[in-house]
Amino acid sequence: MLTVNLGNELEKRLSGISKRTGRSKNFYVRQAVEQHVEDLENYYMALDAWTEYKNSGQNSLTLKEVSKHLGLDDNIDTEG
């Protein structure tokens, strides 16, 4: 169980949406928190991958090199 003080303005906005749609305020708070937590998890997973790559000393590949390696070099316009 968690208690959160949303502040008056956000509470009013949330109440308005709840009344307009017939859904509970809890529904929208849970939905918002779930989405934000998922976004944070994705962000930190990407940050960890980027940090691991940067620390590995590996060289990156150009789009043209990746396309050629995947057999897509004829299908991708790398000229811009």
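Trainee: Which backbone oxygen does the side chain of serine 67 reach?

Mentor: This is a predicted model, in which local features need pLDDT of at least 70, side-chain atom pairs count only at pLDDT 80 or more, and totals for chains, interfaces and linings use all residues. Residues are numbered from 1 along each chain as its sequence is written, and side-chain values use heavy atoms, with hydrogens and water left out. A polar contact is a pair of N or O atoms within 3.5 Å, where within protein one must be able to donate a hydrogen and the other to accept it, and residues adjacent in sequence count only if both atoms are side-chain atoms. At 2.8 Å, the side chain of serine 67 reaches the backbone oxygen of leucine 63.

Trainee: Does serine 67 count as buried or exposed?

Mentor: Serine 67 is found in helix H3, residues 63-69, where helices (H or I, at least four residues) and strands (E, at least two) are DSSP runs numbered from the N terminus. Buried means under 20% relative accessible area, exposed over 50%, and partly exposed in between, with a 1.4 Å probe and protein chains only. Because its relative accessibility is 3%, serine 67 counts as buried.

Trainee: To what number does the count of salt bridges come?

Mentor: Side chains of opposite charge can pair when their charged atoms come close. The rule for a salt bridge asks for a side-chain nitrogen of Lys or Arg within 4 Å of a carboxyl oxygen of Asp or Glu. By this rule, the number of salt bridges comes to two.

Trainee: How many residues apart are glutamate 11 and lysine 25?

Mentor: The side chains of glutamate 11 and lysine 25 meet in a salt bridge with an N to O distance of 2.6 Å. This pair links distant parts of the chain, with glutamate 11 in helix H1 (residues 8-21), lysine 25 in helix H2 (residues 25-56), and a separation in residues of 14.

Trainee: Does arginine 30 count as buried or exposed?

Mentor: Arginine 30 meets glutamate 34 in a salt bridge between their side chains, 3.1 Å from N to O, and both lie in helix H2, four residues apart, about one turn of the helix. While glutamate 34, at 45% relative accessibility, counts as partly exposed, arginine 30, at 54%, counts as exposed.

Trainee: Which arrangement do the rings of phenylalanine 27 and tyrosine 28 have?

Mentor: Rings of Phe, Tyr and Trp (its six-membered ring) pair if their centres lie within 6.5 Å, and planes under 30 degrees apart count as stacked, over 60 as edge-to-face and the rest as tilted. The count by this rule comes to three aromatic pairs. For phenylalanine 27 and tyrosine 28, the ring centres are 5.0 Å apart and the planes stand at 80°, so the pair is edge-to-face.

Trainee: Which arrangement do the rings of tryptophan 50 and tyrosine 53 have?

Mentor: Tryptophan 50 and tyrosine 53 are three residues apart in helix H2, a separation of about one helical turn. Their ring centres lie 5.5 Å apart and their planes are at 40°, so the pair is tilted.

Trainee: How far from the centre of the ring of phenylalanine 27 is the charged end of arginine 23?

Mentor: A charge sits over a ring if NZ of Lys or CZ of Arg is within 6 Å of the ring centre and within 35 degrees of the ring normal. The charged end of arginine 23 sits over the ring of phenylalanine 27, and its distance from the centre is 4.2 Å.
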